[in-house]
Amino acid sequence: MTSHIMPTYGRLPITFERGEGAWLFDQNNNRYLDAVSGIAVCSLGHAHPAVHQAICKQSEKLLHTSNLYGIAVQEQLADKLTEKSGMDNVFFCNSGAEANEAAIKLARKYGHEQGIENPAIIVMEKSFHGRTLATLSATGNAKIQQGFAPLVEGFIRVPYNDVNAIEQAVELHKNVVAVLVEPIQGEGGVNIPAADYLNQIRSLCDQHNLLMMLDEIQTGVGRTGKFLAFQHNGILPDVCTLAKALGNGVPIGACLARGKAAKIFTAGNHGSTFGGNPLACSAALAVLATLDAENLIEQAAQKGDAICSAFKDRLQGNAHVVDIRHKGMMIGIELDSPCTELVQAALQNNLLINVTSEKTIRLLPPLIINDQQIAQLVETLSTLIHKHTDTPYES
């Protein structure tokens with residue numbers, strides 16, 4: 001690999017040339033089953049014809065004009081997203097971190113409009129919201145913050161899945177204006193909270209006039225078996241951020257707002273040069289249309305249940321497996337010791353996986369994965385886990 005790229009990534013020793021559905025092919029045309037999807041990005045798999053056609057068609061007409069002018073395809077995407085989410089309006093950007101930056105700015109401006117001089121946002125331990133300076137500061141991971149002090153002030157951290165801790169923080173800090181939380185923590189280890197966790201946060205925010213802000217960058221766009229994870233709870237947040245799967249690989253982010261939060265930004269408050277350009281919005285519209293046409297969101301719930309059930313069956317009796325948890329196609333297999341070497345072992349077996357929080361195997365397969373590929377994923381990874389933990393498999 002060239003020395004002219006900053007060494008910000010611990011890359012695996014492989015380069016992919018092309019993709020097809022759930023498969024990726026390296027420079028020697030070796031085939032790998034992709035159970036990472038570009039970290040929850042390529043939910044339609046690779047080289048999906050609908051996305052390909054949308055990009056090609058749009059590129060023939062117009063790539064960029066800037067937000068100084070109206071963008072028809074952006075307006076169409078905003079209509080679709082608000083229809084699917086129940087939110088009122090959208091700010092478009094290029095990534096999840098940028099979407100969360102917009103949410104943070106919304107919360108601060110909301111606080112100032114309430115006469116609060118130093119607005120604070122409650123965030124969670126083990127959270128991940130991005131790597132810009134503000135989103136890094138909001139993130140609950142001291143390891144990735146190291147070396148970047150002074151961090152941005154204005155964040156109050158509490159344990160995840162603990163509503164009492166949020167309430168105590170609100171009582172103690174009168175400058176709290178919002179709660180920012182992931183419906184499921186992805187980078188934190190596929191941590192799934194109590195079923196009513198989001199409902200309780202919604203009630204608390206209503207009680208104290210706070211903005212409920214949900215980071216749905218990893219959970220959104222069908223990953224959990226609903227278009228947005230909060231829809232499992234029958235609630236609406238005030239702010240919701242999206243990115244990753246929205247463009248199936250074309251960079252796009254979105255900050256959705258509702259009610260009082262939808263009226264905070266005015267002209268000149270925020271902006272993005274590339275945000276919501278015709279190419280990105282065309283790709284996103286194709287993604288949304290394909291999710292509906294192929295019934296992929298409902299299938300995500302069914303396939304996720306099937307994958308999790310198969311792993312539980314295949315890994316039963318292995319005392320080193322602490323937990324197998326999932327919501328739709330967001331799956332975590334937690335072991336009792338670090339298992340990062342499994343990533344390389346899986347690669348050697350033509351399987352792409354991810355390990356987060358050192359001990360949790362995170363699986364984010366494309367929603368289009370088929371039964372044969374699921375069987376291969378379960379068999380290959382289960383064998384590697386048994387070998388890693390030195391546990392013989394008994395059928």
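Let's start with the record. The unreviewed UniProt entry carries a "binding site" annotation, and it covers Gly96, Ala97, Phe128, Asp215, Glu216, Ile217, Gln218 and Thr273. Those residues span 178 residues in sequence, and the farthest two C-alpha atoms are 25.0 Å apart, so they do not all gather at one spot. One caution before we go on: this is a predicted model.

Take Glu216 from that list. Where is Glu216 placed? Glu216 is in the loop between β8, residues 211-215, and β9, residues 239-242. Is Glu216 buried or exposed? Buried, because its relative accessible area is 1% and the cut-off for buried is under 20%. Now its contacts, leaving aside neighbours within four places in sequence. Glu216 is in contact with Pro183, with Leu228, Ala229 and Phe230, and with Cys240, Thr241 and Leu242.

Gln218 comes next. Gln218 also lies in the loop between β8 and β9. Gln218 is buried too, with a relative accessible area of 10%. Which residues does Gln218 contact, leaving aside neighbours within four places in sequence? Ala40, Gly186, Glu187, Arg223, Lys244, Met330, Arg362 and Leu364. Keep Lys244 in mind.

Here is Lys244. The unreviewed UniProt entry annotates Lys244 as "modified residue: N6-(pyridoxal phosphate)lysine". Lys244 is found in the loop between β9 and β10, and β10 covers residues 253-257. Lys244 is partly exposed, at a relative accessible area of 24%. Beyond four places in sequence, Lys244 is in contact with Ile39, Ala40, Val41, Ile217, Gln218 and Ile252. Two of those names, Ile217 and Gln218, are also under the "binding site" annotation. There is a polar detail as well. A polar atom of the Lys244 side chain lies 3.0 Å from the backbone oxygen of Ile39. And the backbone: Lys244 has a positive phi of about 35 degrees, although it is not a glycine.

On to helix α4. Several α4 residues are buried, among them Gly96, Ala97, Tyr110 and Gly111. Just after α4, Gly115 takes a positive phi of about 85 degrees.

β4 gives the most, with 4 residues.

Back to the β8 to β9 loop, for Asp238. Asp238 counts as buried, at 5% relative accessibility. What does the side chain of Asp238 join in a polar contact? The side chain of Arg202, at 3.0 Å. Not counting residues up to four places away in sequence, Asp238 touches Arg202 and others, including Met87, Leu256 and Lys260. Asp238 and Asp88 are 150 residues apart in sequence, and their C-alpha atoms are 9.5 Å apart in space.

His46 lies in the loop between α1, residues 37-40, and α2, residues 49-59. His46 counts as buried, at 15% relative accessibility. Its side chain makes a polar contact with the side chain of Asp34, at 2.8 Å. Not counting residues up to four places away in sequence, His46 touches Gly19, Glu20, Gly21, Trp23, Leu24 and Asp34.

Two backbone points to finish. Where is the cis peptide bond? It joins Ala149 and Pro150, with omega about 0 degrees. Pro150 is in the loop between α6, residues 142-145, and β6, residues 155-158. Then there is Asn161. Its phi is near 65 degrees, a positive value in a residue other than glycine. Asn161 lies in the loop between β6 and α7, residues 163-172. Asn161 is partly exposed, with a relative accessible area of 37%.

Conventions
Residues are numbered from 1 along each chain as its sequence is written. This is a predicted model: local features need pLDDT of at least 70, side-chain atom pairs count only at pLDDT 80 or more; totals for chains, interfaces and linings use all residues. Side-chain values use heavy atoms; hydrogens and water are left out. UniProt positions are given in the numbering used here, feature names are shortened, and annotations may be inferred rather than shown by experiment. Helices (H or I, at least four residues) and strands (E, at least two) are DSSP runs, numbered from the N terminus. Buried means under 20% relative accessible area, exposed over 50%, partly exposed in between (1.4 Å probe, protein chains only). Contact means heavy atoms within 4.5 Å. A polar contact is a pair of N or O atoms within 3.5 Å; within protein, one must be able to donate a hydrogen and the other to accept it, and residues adjacent in sequence count only if both atoms are side-chain atoms.
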